[in-house]
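This report describes selected helices, aromatic contacts and a disulfide in a single protein model.

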Amino acid sequence: MNRRILTLLAAVLPVVAFGVLLTAVTVPFVSLGPGPTFDTLGTIDGKQVVDIKTTTHPTTGHLNMTTVSQRDGLTLGEALVLWLSGREQLMPRDLVYPPGKSRQEVDESNDADFRESEQSAEYAALGYLRYPSAVTLADVQDPGPSAGALQRGDAVDAVNGEPVYTVKQFTARMADTKPGDTVVLNYRRKNAAPGTARITLGENKDRANGFLGVSVLDAPWAPFSIDFNLANVGGPSAGLMFSLAVVDKLTTGTLAGPNFVAGTGVIRANGEVEPIGGIAHKMLAAREAGATVFLVPADNCYEARNDDKGLQLVKVDSLAQAVGALRTITDGGQPPSC
């Protein structure tokens, strides 16, 4: 082999080796960046994102929820390209997928958080709209004694003919039962006539009284159902925008007016808004989607105002404040800002 070939190989082999390194070696990082936004007043796959099974009022503008995109299993080359783009943030994988938990377990936890955010969004909106509280079924175990007789969202009005108005009263009535007893529950069901269920109670090793197989809470109750039709979105941070869409559709006037509003925030059933992660990525996603106004949880304001992305940042700590701020903007006023 002559010297020229040896020189060529010496030059090419490191390049080939580096190329293999870039494409074959994965790195222990996850990339976070701006994700898709969804207009909670709009449709997706032919369905209303927030579908309320009763008469609703017309809406205008946008109320977009924002997300963070996430990429795992990055090669060294992919990680370098994403980092150099300036749009993505590389996080140690252990911070996103803690050791001892599989990716599936983390994804399932995020899905559960999202479902809880839907429920909290409904309760927060109905509470804001002054719907009365009821003993509400948050879950019905299947299999379980109540499966097929009761449904999630039912409101229980009486146990064996005795009215119950709070969970405390409901629990007291059930404390007097034992496994094998039959109880008669009067209930209201959304978009259906009231009903009566006769249920034979089961056993539960954690209690001596009869087991109904439901979880209950004191929550605002409306006679119609509210469905949230978004899939493949995890985490709890869509709650605020879901609640605003419910309020907008069930009240006269419009919250957004002609404006393109986006935002984020965990919402509790009592209407309190809590902080979220990835605020900078969500703001960038909002601006690129066309938003001019962005709703920021109060505890995220410090981070948000350091990089406002050219958006009008509105500080919110409750659903009521968010509704008031949007109406102020529509009326040409100045809302609370970060």
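## Helix α9 and its buried face

In this predicted model, the buried residues of helix α9 are Leu-319, Ala-322, Val-323, Ala-325, Leu-326 and Ile-329. Viewed down the axis of α9, these buried residues fall within an arc of 160 degrees, so they line one face of the helix. An α-helix has 3.6 residues a turn, so residues three or four places apart point the same way.

Helix α9 comprises 12 residues, 319-330, and reaches 17 Å from its first C-alpha to its last, close to the 16 Å expected at 1.5 Å a residue. After α9 comes Gly-332, which has a positive phi near 85 degrees.

## Annotated domains

The record places "domain: Lon proteolytic" at residues 232-329. That span is 40% helix and 18% strand, and its end C-alpha atoms lie 32 Å apart. The annotation "domain: PDZ" in the UniProt record covers residues 111-191. Over residues 111-191 the chain is 33% helix and 27% strand, with the end C-alpha atoms 27 Å apart.

## Helix α4

Helix α4 has 26 residues and reaches 37 Å from its first C-alpha to its last, close to the 38 Å expected at 1.5 Å a residue. The buried residues in α4 include Val-106, Phe-114, Ser-117, Tyr-123 and Leu-126. Just after α4, Arg-130 takes a positive phi of about 70 degrees.

## An aromatic cluster

Which residues form one aromatic cluster? The members are Phe-114, Phe-228 and Phe-242.

| Aromatic pair | Centre to centre | Angle between planes | Geometry |
|---|---|---|---|
| Phe-114 and Phe-242 | 6.0 Å | 65 degrees | edge-to-face |
| Phe-228 and Phe-242 | 4.7 Å | 45 degrees | tilted |

Phe-242 takes part in the edge-to-face pair and in the tilted pair. Phe-114 lies in helix α4 (residues 103-128) and Phe-242 in helix α6 (residues 239-250), so their pair ties together parts that are 128 residues apart in sequence. Phe-228 belongs to strand β15 (residues 226-228), so its pair with Phe-242 in helix α6 ties together parts that are 14 residues apart in sequence.

## A charge over a ring

An aromatic side chain also faces a charged group elsewhere in the model. The charged end of Arg-188 sits over the ring of Trp-221, at 4.7 Å from the ring centre.

## The disulfide

A disulfide is a covalent bond between the sulfur atoms of two cysteines. The count for this model comes to 1 disulfide. Cys-301 and Cys-338 form this disulfide, and their sulfur atoms are 1.9 Å apart. The torsion about the S-S bond is about -55 degrees, so the disulfide is left-handed.

Cys-301 lies in helix α8 (residues 301-305) and Cys-338 in the segment after α9, so the pair ties together parts that are 37 residues apart in sequence. Burial of the two cysteines is as follows: Cys-301 is buried, with a relative accessible area of 3%, whereas Cys-338 is partly exposed at 22%.

## An exposed loop residue

Thr-252 is placed in the loop between α6 and β16 (260-263). With a relative accessible area of 60%, Thr-252 is exposed. The C-alpha atoms of Thr-252 and Gln-169 are separated by 36 Å, and the two residues are 83 apart along the chain.

Methods. Residues numbered from 1 in each chain as written. Predicted model: local features only at pLDDT ≥ 70, side-chain atom pairs only at ≥ 80, totals over all residues. Heavy atoms only, no water. UniProt positions renumbered as here; feature names shortened; annotations may be inferred. Helix = DSSP H or I, 4+ residues; strand = E, 2+ residues; numbered from the N terminus. Expected span 1.5 Å × (residues − 1). Buried < 20%, exposed > 50% of the residue type's maximum accessible area, 1.4 Å probe, protein only. Arc of directions from axis to C-beta. Phe/Tyr/Trp six-rings, centres within 6.5 Å; stacked < 30°, edge-to-face > 60°. Lys NZ or Arg CZ within 6 Å of the ring centre and 35° of its normal. Disulfide = S-S within 2.5 Å.
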